[in-house]
Amino acid sequence: MIKDNISAIKENLPSGVKLVAVSKFHPVERLQEAYDAGQHVFGENRPQEFEKKVLAFREMPGYDDIEWHFIGHLQTNKLKMVLPYAHLVQSVDSLHLLQEIDSWGKKNGKIISVLLEMHIGAEETKTGLYEEEVLDILFNVDKYKNVKFCGLMGMASHTDDEEQIEADFTRIRAYKEYLDDLFPELEDFKELSIGMSDDYQIALRQNASIVRIGTSIFGPREY
Ligand SMILES: *Cc1c(COP(=O)(O)O)cnc(C)c1O
């Protein structure tokens, strides 16, 4: 039961850690079930599906306080499916995307809250920003007046090796602390979004402030 899964996870979360229910590939009814169990924050990773679900909930009374996070790769030609609705875009993984989000914000009179997605896994192919790129962005926050920088996001290596996962999370945590010291004026730069179904316990040991959990809430996805 979704309800039991959510309570079991919440029991493990220290207060102040936000649970994002990753609902990708699951139908709206499953999200409603989670909502009715008290889970009001959802994450989606595909622009079309994100927009479709947001609009479906807007049609239904009683779901006004859902907080929608976008957590997947965002192509710049799909900003309009995501930015009007997202409370937090967790997956800003390139300078180009950041610039486009800022321009969209200017044009539409909106400030977009984002996390910078860092490349922390061992895989070459993993998307995300490198340390120097993050640093460069944060030294130039004044260029992005329509973006609110809320912290970092990362995905560990795709492996069962818990030591490797812990090493990945340790690195992003340490980098976050380094940035906090370097940029004390960035008041909103608070979040560290690490941890999914299989590794969120490890992420909590490394000070995760947001965990993104799909399978352990909704069961396996059918692709
Ligand atoms: C799918 C996804 C998750 C959730 O993964 P589970 O293993 O199902 O908990 C978390 N973060 C991102 C970025 C995802 O794409």
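Which residues surround the ligand? They are V22, K24, I71, M155, M196, S197, R212, I213, G214, T215 and R221. A residue belongs to such surroundings if one of its heavy atoms lies within 4 Å of the molecule.

This is a predicted model, in which local features need pLDDT of at least 70 and side-chain atom pairs count only at pLDDT 80 or more, while totals for chains, interfaces and linings use all residues. Numbering starts from 1 along each chain as its sequence is written, and side-chain values use heavy atoms, with hydrogens and water left out.

Five of its residues are nonpolar, three are polar and three are charged. Here Ala, Val, Leu, Ile, Met, Phe, Trp, Tyr, Cys and Pro count as nonpolar, Asp, Glu, Lys and Arg as charged, and the others, Gly among them, as polar.

Now look at the polar contacts (pairs of N or O atoms within 3.5 Å). The side chain of S197 places an N or O atom 2.5 Å from a ligand oxygen. R212 also uses its side chain: a polar atom there lies 2.9 Å from a ligand nitrogen. G214 uses its backbone instead, with an N or O atom 2.8 Å from an oxygen of the ligand. The ligand alone exposes 380 Å², and the protein buries 91% of that. These areas come from the Shrake-Rupley method with a 1.4 Å probe.

The ligand sits in the largest pocket. To sit there, more than half of its atoms must lie within 2 Å of the pocket's grid points. A pocket is an open set of points on a 1 Å grid over the protein atoms alone, with protein on both sides within 12 Å along at least five of seven lines.

Next, follow I71 from the shell to M153. Their C-alpha atoms are 9.1 Å apart, although 82 residues separate them along the chain. M153 lies in strand β6, residues 147-154. Strands are DSSP runs of E with at least two residues, and helices are runs of H or I with at least four. M153 is buried, at 1% relative accessibility. Buried means under 20%, exposed over 50%, and partly exposed in between.

F25 is not a glycine, yet its phi is positive, about 70°. F25 lies in the loop between β1 (18-22) and α2 (28-36), and is partly exposed at 25%. N207, also not a glycine, has a positive phi of about 65°. Its loop joins α8 (200-205) and β8 (210-213). N207 is partly exposed too, at 43% relative accessibility.

Note on methods: A polar contact is a pair of N or O atoms within 3.5 Å; within protein, one must be able to donate a hydrogen and the other to accept it, and residues adjacent in sequence count only if both atoms are side-chain atoms. On a 1 Å grid over the protein atoms alone, a cavity is a set of points where a 1.4 Å probe fits but cannot get out, and a pocket is an open set with protein on both sides within 12 Å along at least five of seven lines; lining residues have an atom within 4 Å of a point. Buried means under 20% relative accessible area, exposed over 50%, partly exposed in between (1.4 Å probe, protein chains only).
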